[in-house]
Amino acid sequence: MLLTITYTGESATDLGYLLYKNPYRPQMFELNHGKAYVFYPEVSQQRTTAALLLDIDPINLARGKAGQASGGLFDYVNDRPYVSSSFLSTAISKVFGTAMTGRADERQALSDSPLNLTAAVTMLPCRAEHEKLKRVFEPLGYEVIYDTFVSDENFPNWGESSYVNLTISAKVRLRDLLKHLYVLIPVFDRQKHYWVGADEVEKLLRIGEDWLPMHPEKAYITGRYLNRRRYLVNMAYERLASANADDGEIITAEPESADEARDKVMNLNTRRLGSVVAALKSCGAKRVIDIGCGEGNLLNLLVKERQFTHIAGVDVSHVALKRAAEKLKMERASDSMRERVSLIQGSLTYKDARFSGYDAAGVVEVIEHLDIARLAAFERVLFEFAKPPVVVLTTPNREYNANYENLHNGSLRHADHRFEWNRSEFRTWALKIANRFGYTVQFSEIGDADEKYGAPTQMGVFTLCE
Amino acid sequence: MRIEIPELAVVALIGVSGSGKSTFAKKFFKPTEVLSSDYFRALISDDENNQRVTSQAFDTLYYVANKRLELGLLTVIDATNVQKEARVSVINLAKEQNCHAVAIVLDMPEKLCKERNAKRGDREFEGHVIARQAEQLRRSVRHLQKEGFRYVFVLKSEDELSGVEIVRTPLWNNKKGETGPFDIIGDIHGCYGELCALLEKLEYTVDKENFTAAPPHGRKAIFLGDLCDRGPDNISVLRLVMGMVKTGAAYCVAGNHDVKLLKKLRGSNVLLTHGLDKTVEQIEAQSEEFIAEAKTFLDGLLSHYVLDGGNLVVAHAGLKEKFHGRGSARVRDFCLYGDTTGETDEYGLPVRLQWANEYRGKAAVVYGHTPTPEVEAINNTFCIDTGCVFGGKLTAYRYPEGEIVQVEARREYYAPAKPLTDKPVLNDDVLNVDDVLGQKYLATRLRRSVKINAENSAAALEVISRFAAAPHWLIYLPPTMSPCETSKLADYLEYPAEAFDYYKTHGIGKVVCEQKHMGSRAVIVLCKDAETAAKRFKVNDGSFGIIYTRTGRHFFENTETQNNILMRLQNALAFSGFWNDLGTDWVCLDTELMPWSAKAQKLLEEQYAPVGRAGRSGIDAVSGAIKKAIAVLGESVDNVEAMPGQRVDLDLLLERYQKRADALKLYTQAYRRYCWDVASIDDYRIAPFHILATEGKTWSGENHIWHMETIAKYITGTDPVFIATNHLLVNVLDENSVKAGVKWWEELTASGGEGMVVKPYDFIAQKGSELLQPAVKCRGREYLRIIYGPEYMLEGNLLRLKKRSLSKKRNLALSEFALGMESLERFVRGEPLYRVHECVFGVLAMESEPVDPRL
């Protein structure tokens with residue numbers, strides 16, 4: 001909500017010229033979601049501070065301007081009016097637009113030279129580890145200081161809030177400081193107030209052209225700025241990579257420490273899907289159904305296999321299915337592809353005639369998302385009513401969690417996992433199911449096996465007895 | 001000529017072009033009953049004579065015909081039908097739809113047809129086309145019956161045509177006009193003694209000597225077949241049933257044993273197994289006359305009856321819905337043998353599909369055939385063969401009472417091929433996705449038909465599948481509640497006057513104001529013990545109750561916490577004598593569970609506390625900066641002309657920020673009031689406000705004062721966790737009473753209370769046939785800070801917020817209330833799980849409808 005910029009140096013009041021804002025004249029600007037004010041809390045020859053106050057109208061924010069029934073983008077109880085978010089970036093570009101270009105008619109020389117500048121950002125939502133603040137700003141030459149706050153002093157056990165008051169100081173050109181703030185403030189916030197579209201990539205590249213390609217955290221910054229929309233990120237990656245093609249640098253996935261585990265998992269995911277496809281192929285199935293297909297990662301592999309003449313994906317989430325359809329490009333698929341692939345909204349706990357008639361079913365990393373009490377319904381829906389001749393089922397091996405650094409004292413791999421089984425629990429369950437519904441089951445492990453804990457994923461292939 | 005056709009049939013008009021089929025059809029059938037090939041040619045190609053689209057036209061015609069017949073509607077196929085191939089399609093249609101095919105042949109003189117065709121002008125038929133058709137027709141007529149037409153009528157001249165009268169006769173199995181009451185009796189298998197005892201128990205006057213029995217006034221017996229074989233006295237059973245049917249005291253449907261006996265009596269070579277030997281031995285000792293009579297009787301037995309306006313179906317081995325009221329070999333076999341797969345089990349008996357598990361029809365189906373130790377009731381089907389001849393019981397099902405009357409077998413007359421306990425698995429544990437997905441219209445007692453949109457049920461499917469507790473527990477979801485109309489007072493968004501006014505203008509005099517506790521809605525289902533849970537809720541995991549949220553989710557992730565609370569409730573109820581006094585061993589309560597933070601912790605940590613934190617600290621920082629800037633300006637001299645907006649009054653700005661700072665403090669106080677740390681069960685508070693249902697009864701017939709007092713008497717007061725709800729009875733017609741109500745609310749909310757809920761005195765309130773809001777909430781000013789945001793009362797914000805529309809919310813509230821009451825009603829009446837679940841699912845689906853969440 002508040003940004004101050006302090007210039008320390010000879011005739012510090014020249015900050016007014018650089019910003020095109022008279023230190024003795026508090027001004028107001030109309031913006032889309034409210035107003036911005038510029039005033040100077042401190043004016044002297046040695047030290048001058050300009051303040052940009054962003055005054056967001058909380059009611060408009062929640063209702064939309066006309067108070068339309070569908071409402072605005074936000075809840076009434078919202079931190080946006082009180083924090084420094086992408087709204088502040090917008091305000092910077094609107095109010096200090098000229099300064100950002102570096103044009104400073106009477107003080108061009110000053111504008112072109114690095115100055116002792118300090119920026120203070122009030123209430124910056126910082127969901128990442130605070131350490132990240134340093135790793136993002138220090139490579140740009142800033143000294144970084146920040147204050148943190150408890151969430152509610154009356155309830156100390158609710159912990160720290162995500163907000164920091166951030167102060168960065170450096171000898172830097174004003175235009176660069178503004179550009180850095182413009183790009184980096186939204187990087188630390190999770191929400192963005194405008195829809196991320198392709199033009200955002202252009203904007204990022206333009207404003208970051210002088211410094212982003214060299215930044216060691218560029219992947220992180222790009223990813224966060226673009227709100228982690230993967231296809232956009234890839235586009236930005238490619239463009240950045242080609243800009244650096246001469247030094248042979250290739251941009252890879254986010255090299256974030258907390259994400260290393262995830263990287264491993266992604267790798268694991270590929271191997272897991274590979275194993276499932278292999279199992280489905282080797283049983284000779286022609287018609288296959290992926291139960292709990294999510295966004296269609298497995299489906300995408302299955303369609304590449306000519307052996308499968310009919311491929312169905314089932315998920316309970318309408319949104320996931322929409323994403324799957326996008327990934328499979330169903331909209332413009334050929335007639336034969338459309339006949340071959342079908343996407344079905346269905347539930348694992350409701351009997352469904354549409355699940356029947358397949359040679360094999362894949363149930364990949366699905367059962368652990370069911371409450372254990374609802375597992376009984378799933379067992380009957382799949383093994384008793386749908387009764388495919390082959391079921392390929394995978395689930396995490398809890399023992400292996402010991403190898404994940406960020407999984408402490410029994411926490412599970414995913415927030416939505418209701419349970420994770422160790423190897424013996426899985427085997428006991430699988431054998432019970434096989435016995436009850438007339439299947440045999442063979443077990444295997446997926447991923448690099450650990451001597452003590454086994455592999456990260458366990459797989460059971462159930463085959464219906466003749 | 002009098003043409004009698006069954007009320008449900010496929011009627012094929014057969015005749016050459018120009019023979020007058022369409023004119024005939026128009027004269028004797030409704031326009032919608034007649035599907036003409038010309039019409040369908042035109043429908044798909046704009047030209048009724050376009051022969052090139054004949055095949056597509058017939059595809060479409062048969063598609064429509066199938067839909068009509070599925071709905072049980074007579075359908076006339078108006079095409080030449082002179083070729084055998086064309087008629088095969090008609091016959092197949094009739095077979096597929098399990099109804100009769102009727103042929104009406106217009107065999108008019110060829111000359112007449114040619115003349116007519118010539119007159120029409122739009123047809124380019126050469127004369128030889130008609131001649132060829134006429135030739136084909138001539139060759140066909142004799143074979144029509146053989147081809148499969150059950151009834152064939154041939155009209156040969158204009159004269160004959162003009163004398164035609166078409167009469168539609170009810171199907172033989174249609175006894176919809178018979179409303180009962182009935183006593184339906186299961187498989188007797190020659191157990192004459194038990195049969196007489198059962199009839200006497202049912203208060204029939206039995207004359208054992210003369211083999212007749214007279215029913216008590218107005219009643220009628222229905223025998224489900226399998227009268228003979230295996231038992232001791234087959235002849236007497238036959239005589240009695242024949243006698244009763246003859247005098248109109250009973251109906252009887254055919255069983256597989258009856259059919260086999262008939263075959264034997266007709267001289268077929270059948271194996272004398274499964275007890276038939278004994279029957280044959282006994283019957284051969286009877287007079288010729290009796291044997292002839294028995295043959296006629298058995299031959300006349302129908303496979304099933306549809307009774308009481310379609311609400312009751314009886315058949316020996318049951319009948320799935322699409323076969324009700326139909327007639328075909330397939331239907332008959334189903335009635336006689338059940339839904340068999342053709343395979344046999346380890347006892348050599350046919351494997352049966354469990355059609356009853358899938359049954360979703362409105363008619364109660366009462367049947368026998370498969371002996372089980374007890375009556376098997378599922379999805380409105382009742383298997384009442386309790387294996388009398390195997391030493392079990394002879395059972396009667398009294399319709400419509402649903403009462404079971406039984407007599408024990410005097411002994412085991414025949415050893416069962418497989419133990420009775422090895423019965424087919426009947427269960428409704430697993431719901432069918434078709435029960436919930438897609439657009440639905442749910443009939444409820446309070447609102448005739450509640451529509452559920454497909455996209456809402458899709459959303460609900462995800463929520464219920466991912467998060468909800470087992471459907472067996474979810475017998476109710478609470479409806480949404482609308483606020484009162486927006487207040488006209490300047491400083492209030494909501495005020496009691498409007499709440500009282502709503503009921504006053506809708507003709508309600510007395511209302512009950514209940515304190516609105518600020519916690520989370522919690523529905524509690526509690527059983528006296530785990531056995532009750534298993535028996536009544538079919539929950540077999542040893543649990544004895546549940547606490548769930550308004551979306552059907554377990555309130556507590558930790559089962560132990562839930563069970564500890566439930567046990568304390570059990571103790572409270574046992575102590576107060578609740579179970580005895582209300583004659584139940586389970587109860588469903590609507591409650592509010594506190595603190596709010598118990599469920600809203602995440603919301604508090606991720607939204608409420610951060611907003612307060614950012615607001616307080618952010619605004620402090622801004623105020624500090626403005627103060628400094630004011631000081632800077634104080635020293636300065638700025639004489640330059642300023643443009644509008646270019647010289648902001650910082651004093652005013654500071655003042656504004658101080659007001660914002662105060663608002664943020666009040667907001668923070670507001671949410672803090674509803675939070676406290678929970679160290680043990682003792683820190684929870686639960687305020688029950690409705691006793692929704694107990695065994696066999698919903699309590700929506702009792703007024704809200706009764707609910708408050710009964711809750712105070714039996715539930716609250718002994719254990720501090722369970723608290724009573726402050727309430728006040730207000731007469732909205734009495735000014736003083738209204739004033740007292742307003743004052744009560746003001747006091748309640750001034751101290752930070754959430755507000756109150758105003759309910760009509762009666763649980764279900766109506767104005768004429770219009771259902772009224774079951775409750776209207778009126779929230780306090782302090783509380784609304786956490787709904788409309790910290791600054792909702794600043795700077796004219798209130799004025800903007802007052803523009804809100806309640807109509808959608810109110811409509812949802814009514815539909816959801818109707819569904820909630822319906823699900824409870826269905827549950828207490830013992831209706832199938834899917835019937836309860838569809839209502840519960842419906843409430844959740846409606847909740848996914850986009851509506852202003854602050855209302």
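This is a tour of a predicted model, going from its chain contact to single residues.

Residues are numbered from 1 along each chain as its sequence is written, and chains are lettered from A in the order in which they are written. Because the model is predicted, local features need pLDDT of at least 70 and side-chain atom pairs count only at pLDDT 80 or more, while totals for chains, interfaces and linings use all residues.

**Stop 1: the contact of chains A and B**

Show both chains. The contact takes 55 residues from chain A and 55 residues from chain B; two residues are in contact if their C-beta atoms, placed from the backbone, lie within 7 Å. On chain B, select β23 (431-432), α16 (454-467), α21 (596-635), α22 (650-672), α25 (781-788) and α26 (797-801), each of which supplies at least two residues of the side that touches chain A. Helices (H or I, at least four residues) and strands (E, at least two) are DSSP runs, numbered from the N terminus. The most comes from α21(B), with 21 residues.

Coloured by class, the side of chain B that touches chain A shows 29 nonpolar, 12 polar and 14 charged residues. Here Ala, Val, Leu, Ile, Met, Phe, Trp, Tyr, Cys and Pro count as nonpolar, Asp, Glu, Lys and Arg as charged, and the others, Gly among them, as polar.

Next, select β11 of chain A (residues 350-351) together with β23(B): the two strands run parallel and are joined by 2 bridges. Strands pair if DSSP finds at least two bridges between them. Within this pair, A:Tyr350 stands opposite B:Leu431.

**Stop 2: two helices of chain B**

Select α22(B) and α25(B). They pack at an angle of about 100 degrees, with their axes 9 Å apart. Axes are lines fitted to C-alpha atoms, for helices over the stretch in contact, and angles run from 0 to 180 degrees between N-to-C directions. The helices are therefore roughly perpendicular, a label for angles of 65 to 115 degrees.

**Stop 3: domains of chain B**

Colour chain B as domain 1 (2-169), domain 2 (174-408), domain 3 (436-472 + 806-848), domain 4 (473-595 + 684-796) and domain 5 (597-633 + 651-672). These bounds come from an automatic or database domain assignment. The centres of domain 3 and domain 5, taken over C-alpha atoms, are separated by 42 Å.

Go to B:Thr169, in strand β7 (residues 165-169) of chain B. With 11 other C-beta atoms within 10 Å, B:Thr169 is exposed; the cut-offs are 20 or more for buried, 12 or fewer for exposed, and partly exposed in between, with C-beta atoms placed from the backbone. Beyond neighbours within four places in sequence, B:Thr169 is in contact with B:Glu4, B:Pro6 and B:Glu7.

**Stop 4: backbone exceptions**

Most residues other than glycine have a negative phi, and most peptide bonds are trans. A cis peptide bond joins B:Gly180 and B:Pro181, with omega about 0 degrees; B:Pro181 is in the loop between β8 (174-175) and β9 (182-185) of chain B. Another cis bond runs from B:Met594 to B:Pro595, with omega near 5 degrees, and B:Pro595 lies in the loop between β30 (586-594) and α21 of chain B.

Finish with B:Phe211, whose phi is near 55 degrees. B:Phe211 lies in the loop between β10 (205-207) and β11 (212-214) of chain B and is partly exposed, with 18 C-beta neighbours inside 10 Å.

Notes. Angles under 35 degrees count as roughly parallel, over 145 as roughly antiparallel, 65 to 115 as roughly perpendicular and the rest as oblique.
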